[in-house]
Amino acid sequence: MSWEGVIRQYKKYLSVTKKTPVITLYEGNTPLLPATTLSREIHPDLDIYLKYEGMNPTGSFKDRGMTMAISKAVEAGAKAVMCASTGNTSASAAAYAARSGMKSFVLVPHNSIALGKLAQAAMHGAHILAIRGNFDDALKFVLQITEKYPVTLVNSLNPFRIEGQKSGAFEICDVLKKAPDYHAIPVGNAGNITAYWAGYLDYFNDKKISSLPKMIGFQAAGAAPIVLGKPVADPHTIATAIKIGNPASWKSAEQAAKDSHGLIDSVTDEEIIEAYQMLASLEGVFCEPASAASVAGVIKKAKAGYFQKGEKKTVVCILTGHGLKDPERAIDVSAKPIVIDANLEAIISQLGL
Ligand code: AN7
């Protein structure tokens, strides 16, 4: 059977009926890549897999939830949707809204979202407001507006977003034929860790899997309210996607970590950049900086002796967004091209062959 998106694939687990219009870009079915070189580098007993969510239609995991949120909004007769965003939600909302014929409004922090994401929202015709404030401010305004005006909220406080995002967990279990031992994931607004845990629980309750993973979530050190136990008024990190000081799904993220016997920890920008470069250079997988927080977290925990030696364990790291979302960061951390005359000898002399 051909793949026609997460709603058609997993409707049994979703709040859809025959009457629900399916607005889809055929999202989901993303690669679960074995990372053999990285595993060898990190820990002798870990089998690390990369769930490459950058391969979704708009380049991030947000599409899984957006197909649900937009389909349900259309079903309810909505004419417009709105979100606050660090970038990826706005790109996805704009694309799915365009496909459905609805208007989209997005509120983003000025000068703080990656170039590719802004380009996407603009191309899909979103009405973009860049506020002089941060994501947390933006979300506050969006909640006030969507409560009062005929505009549907499509941030992950919309329960259909979380529902759709459960599909990532289903896919992992469908491929592995079991749940992983550890599920490593970046944490920003904390919707995705909440969704994955709900997805694993659905499969567990449906007897599709017989064990549950430990959920291990990682915030950026400069934006780690859950780790610190209090909101961060002025979050900072190069991983702009997770530059969030007061996550909407804080409580459910903590619950997921606790119920799964996992944890939520933080990783520094240096650790994030190191993992970001390792993924690209050792595995050929280009993700955005925020995504690399999952791998950075596994590296940190391996160094600290968190994973026992002598027992093979499966770890799935969610790589939430594509590297091309943030070309400026990639160029910034990489070797610059050598500019050279159009001359064969000059070129050869540079190659060191
Ligand atoms: C690449 O787009 O919050 O913990 O507004 O884009 O579910 O918030 C993005 C979040 C991780 C964190 N990785 O997920 C937004 C937004 C990437 C992201 C996260 C985001 P959540």
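Cys83 stands opposite Val106 in strand 4. This pair belongs to a predicted model, in which local features need pLDDT of at least 70 and side-chain atom pairs count only at pLDDT 80 or more, while totals for chains, interfaces and linings use all residues. Residues are numbered from 1 along each chain as its sequence is written, and side-chain values use heavy atoms, with hydrogens and water left out.

The strands come first. Helices (H or I, at least four residues) and strands (E, at least two) are DSSP runs, numbered from the N terminus. Strands of a sheet pair through backbone hydrogen bonds, either parallel or antiparallel. Here two strands are said to pair if DSSP finds at least two bridges between them. Strand 3 (residues 80–84) and strand 4 (residues 103–109) are joined by 5 bridges and pair in the parallel sense.

Ala184 has Cys317 of strand 10 as its bridge partner.

The helices can be taken in pairs. Two packed helices are described by the angle between their axes and the distance between the axes. The axes of helix 8 (residues 167–176) and helix 9 come within 7 Å and cross at roughly 50 degrees. Helix 8 and helix 9 are therefore oblique to each other; angles under 35 degrees count as roughly parallel, over 145 as roughly antiparallel, 65 to 115 as roughly perpendicular and the rest as oblique. Their crossing is right-handed. A crossing has this hand if the near helix is turned clockwise from the far one by less than a right angle, and is left-handed if anticlockwise. Contact means heavy atoms within 4.5 Å. Among the residues that meet are Phe170 and Ile172 in helix 8, and Tyr196 and Tyr200 in helix 9.

Helix 9 (residues 191–205) also meets helix 11 (residues 250–259), with axes that come within 8 Å and cross at roughly 45 degrees. That makes helix 9 oblique to helix 11. The crossing here is left-handed. Ile193, Thr194 and Trp197 of helix 9 make the contact with Ser252, Ala253, Ala256 and Asp259 of helix 11.

Helix 12 (residues 269–283) and helix 13 (residues 289–303) pack with their axes 7 Å apart, at an angle of about 100 degrees. That makes helix 12 roughly perpendicular to helix 13. Residues in this contact include Ile272 and Leu279 of helix 12, and Val295 and Ile299 of helix 13.

Salt bridges remain. A salt bridge is a side-chain nitrogen of Lys or Arg within 4 Å of a carboxyl oxygen of Asp or Glu. By this rule there are 14 salt bridges. Glu75 forms a salt bridge with Lys72, with the closest N and O atoms 2.9 Å apart. Because Glu75 and Lys72 are 3 residues apart in helix 3 (residues 62–75), about one helical turn separates them.

Conventions: Axes are lines fitted to C-alpha atoms, for helices over the stretch in contact, and angles run from 0 to 180 degrees between N-to-C directions.
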